[in-house]
Amino acid sequence: MSADPARQPAGDAYDWYRRGSALLESGHPAAAAELLAWAADSEPEARSIRETWARALYDAQRYDEAAREFGILVDLGPDDDYAQFGLGLALWRMRRFPESAEHLAMAAVMRPDRSEYTAALRQVRATLAARAEAGLDPVGRPDERLT
C-alpha cells in the first residue's frame with residue numbers, strides 16, 4: 001500500500017481491522033477498505049485482514065483490487081473456497097468470464113453445500129453460453145463479435 005505515516009489513522013492493525021470490519025458490516029465498504037488497507041499493510045500475512053479487505057474492495061466496486069487481494073488469498077491457500085468464490089465474483093464483474101467460471105467451479109466443487117457458489121457458477125456459464133451463441137467474444141464489451 002505504501003502508506004503515508006503522516007496520514008496514519010489512530011490505533012494499530014487490530015484496531016483498524018475491528019473498525020474496518022464494523023464499517024463493512026454497517027454498509028460503508030469504501031471507508032472500510034481505507035482502514036483495512038492500513039491493517040493489511042501492517043500485517044500482510046494476516047489472512048483474516050486480507051479477506052475482509054478484499055470483501056470491502058468488492059463491495060466498494062473496486063473489482064480489480066478485490067481480484068488482486070482474493071488472488072493473493074488463493075495463492076496462499078488454493079483450498080480456500082471463499083477466496084476462490086470471491087476471486088470468481090470479482091473476475092465476473094470485470095467481464096473475465098472464462099477465468100471467473102474456473103474459480104467459481106473450484107469453490108462449488110470444494111463446497112457443494114454452498115448454494116451461492118453453484119448459483120454464481122450457473123450464471124457465469126449461462127453468460128458464456130449466451131455469448132458463444134451470439135458469436136460474441138467470451139471477454140470484452142457486450143458488442144464485440146468474434147472474427
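Colleague: Why is Ala119 called partly exposed?

Modeller: In this predicted model, Ala119 has a relative accessible area of 28%. Buried would require under 20% and exposed over 50%, so Ala119, at 28%, is partly exposed.

Colleague: How do you know that the reach of H6 is close to the expected one?

Modeller: H6 has 14 residues and reaches 20 Å from its first C-alpha to its last, which is close to the 20 Å expected at 1.5 Å a residue.

Colleague: Which residues of H6 are called buried, and what do they pack against?

Modeller: The buried residues of H6 are Phe97, Ser100, Ala101, His103, Leu104, Ala105, Ala107 and Ala108, a term that calls for under 20% relative accessible area. The buried residues of H6 pack against H5 and H7. Leaving aside residues up to four places away in sequence, Leu104 touches Gln84, Phe85, Gly88, Leu89, Ala120, Leu121 and Val124.

Colleague: What makes Leu104 stand out in the largest nonpolar core?

Modeller: That core has 40 residues, and Leu104 is one of those that touch the most other members, together with Trp53, Phe85 and Leu89. Helices H1, H2, H3, H4, H5, H6 and H7 each give two or more residues to this core, and the largest share, 8 residues, comes from H2.

Key: Residues are numbered from 1 along each chain as its sequence is written. This is a predicted model: local features need pLDDT of at least 70, side-chain atom pairs count only at pLDDT 80 or more; totals for chains, interfaces and linings use all residues. Side-chain values use heavy atoms; hydrogens and water are left out. A nonpolar core is a set of buried Ala, Val, Leu, Ile, Met, Phe, Trp, Tyr and Cys residues joined through side-chain atoms within 4.5 Å. Buried means under 20% relative accessible area, exposed over 50%, partly exposed in between (1.4 Å probe, protein chains only). Helices (H or I, at least four residues) and strands (E, at least two) are DSSP runs, numbered from the N terminus. Contact means heavy atoms within 4.5 Å. The expected span of a helix is 1.5 Å times one less than its number of residues.
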